[in-house]
Amino acid sequence: MATTAGASRRQALGLLAGAAATGTLLAAGCHARRRPPGPPRLGIVQYVRGAGPDAARRGFVRGLAGGGFRAPAGVTLLERFAAGSMATCRAQVAELLEAGVDLLVAIGTPPLAAILAIAPARVPVVFCYCSNPWGAGAGTSYTRHRPHVVGTVSTNPLAEQLDLARRITPGLASVGLVYNPSEANASFEAELLRREAAPRSLVVMVEPVAGPAEVTRAADTLASHRVGALVRVGDYATSVGFPALAAAGLRHRLPVYSVDPSDIATPGCLAVVGWDPEADGAQAGALAVQVLRGRSPATMAFEPVTEKLLLLNRRTARAIGVTFPPELLRQADRVEG
């Protein structure tokens, strides 16, 4: 994991801890701009639109409502969508601070990084749909973190993904990974994938991309190296570009494995093992309810997401000549086709 050590960081965390201990959410929310009257104001920043992050946002709103904070009477939601741009993320965070929000919500690792770079420690932060809060600067462990930040950690189950691939193809020797190394969450999970592959005697061949437009080229390159399957980690380039990755799997008759449940319906996706993003958001929404009721994030631990889904696509299996083991079909949460 990426960690942030050193005396200067420890001193900064100490100062933040002192600030967080001075009072509850509303008492600590004396922003430079006077807060408008009315219910609590939440600023939500989402990095990209897509089935996964949209589901996380819906789940978050549902979690808020379940705790008695239902928009618009019980809470005001100021939603912003950054279209995959860190510059836009930062501008939106600044705009929300000017609007006098009481709490900032990051849906994704990049918005969390933008918030932590800009927002003052007096504004509480809740995050979800985030595989790498450590790389965003939120802390070094589930319990050692910035005292104004709390959220859910959804580092993808990459060991289970590799075990699933080997279970479907017992002789599997190598997998191909397309990802954008400039994304903190993607590089973090790519390293985790390599660590999990080593004890399984699996070779991970990597083809980096700068964005979704390069996914087809990268997947074709990996196929030319005769990898046994294509796999996905938590990465925005292959999230947006997943149809191209799956299409390459069909062209080359390669299994394609994803970590995003919404990908299972994409032609060419063979299987998914990953977290339920709506459950992730609902879990983070429940944390936000506690903060809105006055609990300091300094007293709360980050929470791992626990609702995992196993999804299979029989249409893709037939197209590439793969047969699912009967026991695996019985264990699946859903089978497409």
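Me: What does the secondary structure of the protein chain come to?

Reply: There are 13 helices and 13 strands in the protein chain. The model is a predicted one.

Me: How many of the residues count as buried?

Reply: Of the 337 residues in the protein chain, 54% are buried. The accessible surface is about 13,500 Å², and carbon and sulfur atoms hold 55% of that surface.

Me: Why is Cys89 called buried?

Reply: Buried means under 20% relative accessible area. Cys89 has a relative accessible area of 0%, so Cys89 is buried. Cys128, also at 0%, counts as buried by that cut-off.

Me: Where is Val101, and what makes it buried?

Reply: Val101 is in the loop between α4 (86–98) and β3 (103–107). Its relative accessible area is 1%, which is under 20%, so Val101 counts as buried. Between the C-alpha atoms of Val101 and Leu77 there are 9.3 Å, with the two residues 24 apart along the chain.

Me: Why are strands β6 and β7 said to pair?

Reply: Pairing needs at least two bridges between two strands. Six bridges join β6 (residues 174–179) to β7 (residues 203–208), so the two strands pair, and they run parallel. Gly176, for one, has Met205 in β7 as its bridge partner. From β6 the chain passes through helix α7 (residues 184–197) to reach β7, in a right-handed β-α-β crossover.

Me: What makes the span of α7 close to the expected one?

Reply: The expected span is 1.5 Å times one less than the number of residues. α7 has 14 residues, for which 20 Å is expected, and the helix reaches 20 Å from its first C-alpha to its last.

Me: Which residues of α7 are buried, and what do they pack against?

Reply: The buried residues of α7 are Asn185, Ala186, Phe188, Glu189, Ala190, Leu193 and Ala197. They pack against several elements, including the strands β6 and β7 and the helices α5 (109–118) and α6 (158–168). In an α-helix, residues three or four places apart point the same way, because there are 3.6 residues a turn.

Methods
Residues numbered from 1 in each chain as written. Predicted model: local features only at pLDDT ≥ 70, side-chain atom pairs only at ≥ 80, totals over all residues. Heavy atoms only, no water. Helix = DSSP H or I, 4+ residues; strand = E, 2+ residues; numbered from the N terminus. Right-handed = clockwise from strand over helix to strand, strands pointing away. Buried < 20%, exposed > 50% of the residue type's maximum accessible area, 1.4 Å probe, protein only. Areas by Shrake-Rupley, 256 points an atom, 1.4 Å probe, with all protein chains shown as cover. Contact = heavy atoms within 4.5 Å.
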